[in-house]
Amino acid sequence: MSAPDLNLLITLDVLLAEGSVARAAQRLQLSPSAMSRALARLRETTGDPLLVRAGRGLVPTPRALELREQVSQLVQDAQALLRPVQAPDLGRLNRTFTLRTREGFVENFAIDLIARINQQAPGVRLRFVEKTNKDSTALREGAVDLETAVVDKDTRPELRTQALFGDRLIGVVRAGHPLSQAAVSAADYAAGEHIGVSMRGLDQGPIDDALALLNLSRRMLTTVPGFSSALGLARSSDLIASVPERYTTSLRIGMHSFALPFALPQFTIAMLWHPRMDADPVHRWLRSCLREVCARG
């Protein structure tokens, strides 16, 4: 049995609404003969005459009357489904989004993001989860709606990305630390005791590569997985933490920060999402909120 031509639903809807082959043809911009052929096909498909002559006009059969409202609703639903998505009513929106970020993001950006979202869509809730690796499985499976990351060669090519802000690494020590008293040289920096920050527990990174070019090396006293932990240790000791500047603004309050005295490339913090969410108007609105909050300052 061949599948029915679903285009006939539109024809049937117009025929039942107009009750006239001529008017239905005019409405669908078809010739009367083409509309007559379409009615013949509908009669064959449904096994019912649908419209029968009564005097000089056509009247619907009981089967046609039974189908009229159902067909009309089907056509409306199909048209709504294929119509471009309308802007969401944010005031009536009730939805929870999960954002996966590294330590420090919540402390620096969440307050402004929550305030902005609550102002426009009070029914939306944000759920933050800690990012402990670069695996994108959670984005692909829909367990995470949005993620922040440094985009590099390891970023999965199927993900969508958009830059949020540029950043650089800086040195941070407690207030009153010897390095807070004068300009810091590369030798001064290397001579101190350091805190490494690595999700994977690595002891070497771009800072060590830059120091090696100057025939210098640093002593890594400990390694922690996040910026907050590194700054907490540096705040109560003579250890030196090296962290992203913008990413840790609020975490460094009351501490002394200084530019690293050697060349390091800057990097970009971006948001990542799965392509299936690209056209979702509410997800698009969430991305615009995050982008605008991160653009401030």
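A: A salt bridge is a side-chain nitrogen of Lys or Arg within 4 Å of a carboxyl oxygen of Asp or Glu. Asp208 forms one with Arg218, and their closest N and O atoms are 2.9 Å apart.

Q: Before we go on, what kind of model is this, and how are things counted?
A: This is a predicted model: local features need pLDDT of at least 70, side-chain atom pairs count only at pLDDT 80 or more, and totals for chains, interfaces and linings use all residues. Residues are numbered from 1 along each chain as its sequence is written, and side-chain values use heavy atoms, with hydrogens and water left out.

Q: OK, back to that pair. Where do Asp208 and Arg218 sit?
A: Asp208 is in helix 8, while Arg218 is in the loop between helix 8 and strand 9, 10 residues apart. Helices (H or I, at least four residues) and strands (E, at least two) are DSSP runs, numbered from the N terminus.

Q: Are Asp208 and Arg218 buried or exposed?
A: Both Asp208 and Arg218 are buried. Buried means under 20% relative accessible area, exposed means over 50%, and partly exposed is in between (1.4 Å probe, protein chains only).

Q: How many salt bridges does the structure hold?
A: It holds 13 salt bridges. One of them joins Arg100 and Glu147, with the closest N and O atoms 2.8 Å apart. That pair links distant parts of the chain: Arg100 is in strand 3 (residues 95–101) and Glu147 in strand 5, 47 residues apart. Arg100 and Glu147 are buried.

Q: What about Glu66, which residue does it form a salt bridge with?
A: With Arg63, the closest N and O atoms being 3.2 Å apart. Glu66 and Arg63 both lie in helix 4, 3 residues apart, which is about one turn of the helix.

Q: Why does Glu66 count as exposed?
A: Because its relative accessibility is 54%. Arg63 is partly exposed, with a relative accessible area of 32%.

Q: New topic. Which domains does the chain have?
A: The assignment gives domain 1 (6–82), domain 2 (90–167 + 268–295) and domain 3 (169–265). Domain bounds come from an automatic or database domain assignment.

Q: How many residues of domain 2 are in contact with domain 3?
A: 17 residues of domain 2 are in contact with 15 residues of domain 3, where contact means heavy atoms within 4.5 Å. The C-alpha centres of domain 2 and domain 3 lie 28 Å apart.

Q: What about pockets, how much space lies in the largest one?
A: About 1200 Å³. On a 1 Å grid over the protein atoms alone, a pocket is an open set of points where a 1.4 Å probe fits, with protein on both sides within 12 Å along at least five of seven lines; lining residues have an atom within 4 Å of a point. Grid points are joined across faces, edges and corners, and a volume is the space filled by probe spheres set on the points.

Q: Which residues are closest to the centre of the largest pocket?
A: Of its 42 lining residues, they are Arg102, Lys134, Val150, Val197 and Pro206. Strand 5 gives the largest share of that lining, 4 residues.

Q: Why does the largest pocket lie between domain 2 and domain 3?
A: Because domain 2 and domain 3 both give residues to its lining.

Q: How does that lining divide by class?
A: The lining of the largest pocket has 19 nonpolar, 12 polar and 11 charged residues. Ala, Val, Leu, Ile, Met, Phe, Trp, Tyr, Cys and Pro count as nonpolar, Asp, Glu, Lys and Arg as charged, and the others, Gly among them, as polar.

Q: And what volume has the second largest pocket?
A: About 250 Å³. Among the 14 residues that line the second largest pocket, Leu9, Leu12, Thr45, Thr46 and Leu67 are the closest to its centre. Helix 4 gives the most to this lining, with 5 residues.
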